[in-house]
Amino acid sequence: MDLENAKSWRSSRKDSWKTTLLLAYQSLGVVYGDLSISPLYVYKSTFADDIHHSDTNEEIFGVLSFVFWTLTLVPLFKYVFVVLRADDNGEGGTFALYSLICRHANVGLLPNRQLADEALSTYVMEQPTERKSSLRIRVFLESHKSLHTALLILVLLGTCMVIGDGLLTPTISVFSAVSGLELSMEHHQYAVIPITCFILVCLFALQHYGTHRVGFFFAPIILVWLLCLSGLGLYNIFRWNRHIYKALSPYYMLKFLKKTKRGGWMSLGGILLCITGSEAMFADLGHFSYAAIQIAFTLMVYPALILAYMGQAAYLSKNHVSSYQISYYVSVPESVRWPVLILAILASVAGSQAIISGTFSIINQSQSLGCFPRVKVVHTSDKIHGQIYIPEINWILMILCIAVTIGFRDTKHMGNASGLAVMAVMLVTTCLTSLVIILCWQKSPMIALLFLLFFGSIELLYFSASLIKFLEGAWLPILLSLFLVTIMFVWHYATIKKYEYDLHNKVSLEWLLALGPSLGISRVPGIGLVFTDLTSGIPANFSRFVTNLPAFHRVLVFVCIKSVPVPFVPPEERYLVGRVGPAAHRSYRCIIRYGYRDVHQDVDSFESELVRKLADFIRYELCRVNRRNDICYEDGGSPSDISSRLTVIGTVAFSGSSAFEVDEYVQPISVSIGFPTIESVTDITELEAVGAAERRVRFAVGNEFESDTQLREELEDLFAAQQAGIAFMLGHSHVKAKQGSSLFKKLAINYGYNFMRRNCRGPDVVLKVPPASLLKVGMVYVV
């Protein structure tokens, strides 16, 4: 038996390694496309104007030393060994770091936060005992609201720079690859720009097919390209300068700066391009694994890039061409120049595809967290989660890429713009990772400070070299990021203010229960879905509707679709269902939770799925009545089958003898509880933190549940109402700044937000509401 167990263990371990190696191979095409094509333009951008290649070779040796140590310190040490470990349930990127911080410290600005969210399986995390120093920093951050806003702006800035990188990377990659024609064609100046624009148009026109349809080509293309870089690098080293390895010494960096002075410092804006694409290792972590990305970089990508840069330096050390003629292709033997050119163009397309897909993903995350206007999101794969396409963003990126290509026309300006965007993202990642080290990993603040100072100083050095070239292309990512940050912050600010307005203007449960024939209110057949951002109470738009039209549906459901600071919410934990009032009132609350990487409306029919969840909730109540019997369902189903995918919420507080009395002074915050079996449940509890105390409320089971007849009738009423029809009630909002607001606020709210709201996708389109079933209730929000 022991021998069989040992064989089984070795077999599973072997399969695990096979899976890891396969993921490492696949990551080449998705993660490392951008990083692997950087040799095409690093030397050309570095020697553009600031420094010149002299006969002493001090400049080329110094640049090679800078490239080697930059590649070693930033992608290898910082990302592979530190940042990749700061994952959020296997997910990486700016929002993953922000999500981790928000879960360990109350610094998030997402509305309708519930204690129930902390019961999610993707939310709960094992963490070590909190250190006193970490506790002091957490309390300091939580007590200063201005720091919450500053943290959000920092995250939005990093997000906008990633979007800017999605604009600049395809441009500089394809342009640098096509620029190899200058050595192979006469009148190449008339061909490079049109060919680049044509390739960009084709690249963006194919996006709607999805990465998965063409993605299987990318890994072998990048693999062959990396082998090509390694082979050409070794050829040039042995052919031209076998002692080029000596230039890797940091001594040549100091010698380079001593000779070139200010020009050498400004040339760092070109050197930093050697690490463009490093952020993709962290951003695409969710598609692969830490081990796969680590193996691919350390064993394949890193050695290939070092050999490529050493080979170029070896060639240039013996062939002193002018700065204008320096490019990757001059070091390529003429006999293989055309195949290398074609391979470089294919590799640049693969690298561009990765950053474009990443841009779609981060915009989808932004709108999930209420930081971006609603746009159309198309799923390009039924099997691969997260493969999306955003038409509006795709065509805007295409137009801007073509405009940048035609406007800049050279690698120098494109490199300055791309370098600034890359370093800004890295600085944001360094700052957020420092907070993760303190708050999440519970390490000493001194370790976080050393991490921040060491890597932050390196990145600030490169950032300053890029910023000094503001008028030479670096203005573009700054202008673009300011524009996007303004849009995102205004949208998020108005969203928060709308929620606060709804929270302060909601009506009580007594008001809803008092509605009846005595007040001239009638109940009509069907199901009414009232959409709101509130997780408790009755929204003001429903009271306005009933005031103007004294009738509502026989079955009433208050639906709240909310985002939580986790990447994914498991489907079995997505729905929180509970009653609003007594069972006879046929009113329910359903809270549907999504993570920032989840895809909204990932079911064929939202209303059908919602009715099924309500029916499961009623069946669960039926099983509670009959839990001493063997039969819980008329169809003979097992209760555990339902409970394993059902989450129940209690939204009503009870006191005294009244089973449905509402405490208006305390906002109920419910806790979802996953039930392994129905027999194991005796009550549903609701927890709320009030100061340092916890309040526990039992889900009172009164006389109305003594018989299951009413529950069976309730289930029949639900299906009868579904047959009668489902109506969707949504608020049609207009937001305006209150009197006395500043001019900036009036411009942002009255004009900026309302313009975006009118021109983005409405909630009815996002929810795929049939026009014939839509009821819009006009609401004016004064914020």
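## Salt bridges, stop by stop

Start by selecting Arg103, which counts as buried at 10% relative accessibility (buried means under 20% relative accessible area, exposed over 50%, partly exposed in between, with a 1.4 Å probe and protein chains only). The model is predicted, with local features needing pLDDT of at least 70 and side-chain atom pairs pLDDT 80 or more, while totals for chains, interfaces and linings use all residues. Residues are numbered from 1 along each chain as its sequence is written, and side-chain values use heavy atoms, leaving out hydrogens and water.

Helices are DSSP runs of H or I with at least four residues, numbered from the N terminus. Asp88 is buried, at a relative accessible area of 0%.

Next, select Lys255 and Glu58, a salt bridge with its closest N and O atoms 3.6 Å apart. Lys255 lies in helix H10 (residues 251-260) and Glu58 in helix H4 (residues 58-80), so the pair ties together parts 197 residues apart in sequence. Lys255 is partly exposed at 29%, and Glu58 is partly exposed at 21%.

Last, go to helix H21 (residues 606-625), where Glu609 and Arg612 lie three residues apart, about one turn of the helix. Their side chains meet in a salt bridge at 2.6 Å, N to O. Glu609 is buried at 15%, whereas Arg612 is partly exposed at 45%.

Conventions. Salt bridge = Lys/Arg side-chain N within 4 Å of Asp/Glu carboxyl O. Helix = DSSP H or I, 4+ residues; strand = E, 2+ residues; numbered from the N terminus.
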